[in-house]
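I opened my notebook to write down, entry by entry, what I looked up here. I wanted each note to be something I could find again in the picture.

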Amino acid sequence: MDKETMVGCPTTVKAVYDVDDKPPLKEAVPLGLQHVLAMFAGNVTVPIIIAGVLGLTVGERAFLIQCAMLVAGITTLIQANRIGPVGANLPIVMGTSFGFVPTSIAIGGQFGLSGILGAAFIGGLFQSVLGFFLKTLRKYFVPVVTGTVLLTIGLSLMPTGVNYFAGGVGAEDFGSFSNLFLGFLVLVVVIFCNQFFKGFISMAAILIGIVVGYIVAIPMGKVNFAPVAEAAWFSIPTPLQYGMTFHWAAIAAMLIMFIVTTVETVGDISGITAGGAGREATDKELSGGIIADGLSSSFAAIFNALPNTSYSQNVGIVSFTGVMSRYVVTIGALFLIAAALFPKLGALIAVMPQSVLGGAAIIMFAMIATSGIVLITKTPLNRRNLLIVAVALGLGLGLGSVPNALQYFPESIKLIFAGSGIVIAALVSLFLNIILPEDTGRNA
């Protein structure tokens, strides 16, 4: 192990393909596409939400989606293929972050899209600076903290997975038997391929499940190919289409969110190394990942996209398949760039029924939670550490599920904490780990 790696309890996890391994192209291409399918819906949903809130036109919404795909592809390439100190050099897939949506809506209501992009640009630079000091800050990101954050991420994403499973929030047939059938079909195919086959079929179980669900959904009338026909063949997104404006109130709110997403990124990177290779992340991997996260968000602002961060569902894929290859993720990044430059390709993925994605999402999100458990158990489960986990989960998931509990707080506080269990769990676990005395004598 790298001398910078923090040593924890040994695990039996072993990567099928390690970080620098290059699977044959016939395997790498579908495995890369598997990563794209897993994150695609989440990546395009954020610009759709923001466009709707700001009252943008259909054409502008399509443009923002195109920008989101281009930025996700380019920033994924940087994360997976380190350039100097920038990038974790791990199979990390980047995408537009849901965590910034509430704050962005509030900023957009006052300052418009240009205000959102300006604040995100400054916030990204701030996060990249934090990355350079990661080695100093790492003593605060012990396994009980990062594991708790990762466990919270997985558990908080469960409702999202179920919403996909049932057809997607707002769907007229939400919860219909046809949607549930498709979700269960994908779930069963994924489990069957992963457990009863070896080699490529086992590794590509999620892709196979999604493809089967997609094909079955067509004769069921669940797929509308009209957006594919209407999409352009080729288009290049224009940078600074909406400009940037800078407002202290907006920037302050964004800076707090970037601190929180830094903790989340530490959890995601730790989840990839723990779930995919049975080890903890090195200082260099964490520092490079956070620097890339920050610079990616600033780059995203230039190309009219919201802040980018590591995608947790893809952490689940790595844990589920054991494929740690950066080469695979690099191919996935090229798919994203192609989908941005050739809108018809992106539209072909975008029309996939939500319930099909939901069948795979249930497993992916659960694997994130189990990776968190693996990290937590790397330290002694004494009363102190169990208390940290318990309080962080209790407050994080509890207040995240009941945002009205904070209804009398100022709007700025609610925007950061209400509805985001990850934010609360991250801050609580960090705080308790700092102030609680070490318990070296007693186990739980």
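Before the first entry I noted what a patch is: it is made of residues with over 30% relative accessible area and no salt bridge, and nonpolar side chains are joined when they lie within 5 Å. I also kept in mind that this is a predicted model.

I looked up which residues make a nonpolar surface patch, and I found one of about 820 Å² whose members are Ile218, Phe225, Trp233, Phe234, Ile236, Phe342, Leu345 and Leu348. I then followed one of them, leucine 345, which is found in helix 14, residues 343–350. Its relative accessible area is 33%, and leucine 345 is therefore called partly exposed, since that term covers what lies between under 20% and over 50%.

Entry on helix 8. I checked the length of helix 8, residues 205–217, and its 13 residues at 1.5 Å a residue should span 18 Å, which agrees with the 18 Å between its end C-alpha atoms. I also listed the buried residues of this helix, which are Ala205, Ile206, Leu207, Gly209, Ile210, Gly213, Tyr214 and Ala217.

Entry on the cores. Ile206 came up again when I turned to the largest nonpolar core, which has 93 residues, and in which Phe40 and Ile206 touch the most other members. Helix 15, residues 354–376, gives the largest share of this core, with 11 residues. I noted a second, separate core of 23 residues as well, with Leu64, Leu117, Ala120 and Phe258 among them.

Entry on leucine 286. Is leucine 286 buried or exposed? With a relative accessible area of 1%, leucine 286 is buried, because buried means under 20%. I located leucine 286 in helix 11, residues 283–302, and, leaving aside its neighbours within four places in sequence, I found it in contact with Leu134, Arg138, Val266, Ile269, Ser270 and Ala281. I also compared leucine 286 with proline 24, and the two are 262 residues apart in sequence and 29 Å apart in space, C-alpha to C-alpha.

Entry on backbone angles. Most residues other than glycine have a negative phi, so I looked for residues that depart from this. Asparagine 89 has a positive phi of about 65 degrees, and it lies in the loop between helix 2 (58–80) and strand 1 (94–96). Leucine 240 has a positive phi of about 55 degrees, and its place is in the loop between helix 9 (226–230) and helix 10 (248–277). Leucine 240 is partly exposed, with a relative accessible area of 48%.

Methods
Residues numbered from 1 in each chain as written. Predicted model: local features only at pLDDT ≥ 70, side-chain atom pairs only at ≥ 80, totals over all residues. Heavy atoms only, no water. Patch = residues over 30% accessible without salt bridge, like charges linked within 9 Å, V, L, I, M, F, W, Y side chains within 5 Å. Areas by Shrake-Rupley, 256 points an atom, 1.4 Å probe, with all protein chains shown as cover. Salt bridge = Lys/Arg side-chain N within 4 Å of Asp/Glu carboxyl O. Helix = DSSP H or I, 4+ residues; strand = E, 2+ residues; numbered from the N terminus. Buried < 20%, exposed > 50% of the residue type's maximum accessible area, 1.4 Å probe, protein only. Expected span 1.5 Å × (residues − 1). Core = buried A, V, L, I, M, F, W, Y, C linked by side-chain atoms within 4.5 Å. Contact = heavy atoms within 4.5 Å.
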